[in-house]
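Hi,

Here is the structure I promised to pass on. Have a look at it first, and then read my notes below.

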Amino acid sequence: MSAQPDHTPTAPYAPAPGAPAELLALLRADRRAERWVPAFEREWAAALEESRRTFSLTTLYEVVHVWQARLASAPAVDAFVASGHDETGFVDMAELRGRRRR
């Protein structure tokens, strides 16, 4: 019998050391910079604090991955919005959350 776990959690892909700075530069160049840069900076600061507390880089990696995905998907989202598709049939998750709390 071994004291080692049967499986080890997969570590998240580690972004390049300069990835956060490059990401911030891309966010600053985006037309959404006024909203996105402060949001990224808040999430990054919270992840830094979490990293200091836990001695883990996982949260920092997750912030980079999420924002990279947001930037990568932004053109598709813009195209969808510009296409004029009717969104009235979509579920409003905020509304659902509000109903559950009542």
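This is a predicted model: local features need pLDDT of at least 70, side-chain atom pairs count only at pLDDT 80 or more; totals for chains, interfaces and linings use all residues.

Buried residues in α2 are Ala33, Trp36, Val37, Ala39, Phe40, Ala47 and Ser51. They lie on the same side of the helix, because the arc they cover around the axis is only 165 degrees. An α-helix has 3.6 residues a turn, so residues three or four places apart point the same way. The other side of α2 carries Glu34, Arg35, Arg42, Arg52 and Arg53, which are exposed. As for what covers the buried residues of α2, the cover includes α1 (19–29) and α3 (58–83).

The length of α2 agrees with expectation too: its 22 residues (33–54), at 1.5 Å a residue, should span 32 Å, and the end C-alpha atoms are 30 Å apart. Just after the helix, phenylalanine 55 has a positive phi of about 60 degrees.

The other residue I would point you to is arginine 32, in the loop between α1 and α2. Is arginine 32 buried or exposed? Its relative accessibility is 7%, and the cut-off for buried is under 20%, so arginine 32 counts as buried. What does its side chain make a polar contact with? The partner is the side chain of aspartate 78, at 2.3 Å. Leaving aside residues up to four places away in sequence, arginine 32 touches Ala74 and Asp78.

Best wishes

Key
Residues are numbered from 1 along each chain as its sequence is written. Side-chain values use heavy atoms; hydrogens and water are left out. Helices (H or I, at least four residues) and strands (E, at least two) are DSSP runs, numbered from the N terminus. The expected span of a helix is 1.5 Å times one less than its number of residues. Buried means under 20% relative accessible area, exposed over 50%, partly exposed in between (1.4 Å probe, protein chains only). The arc is that of the directions from the helix axis to the C-beta atoms. Contact means heavy atoms within 4.5 Å. A polar contact is a pair of N or O atoms within 3.5 Å; within protein, one must be able to donate a hydrogen and the other to accept it, and residues adjacent in sequence count only if both atoms are side-chain atoms.
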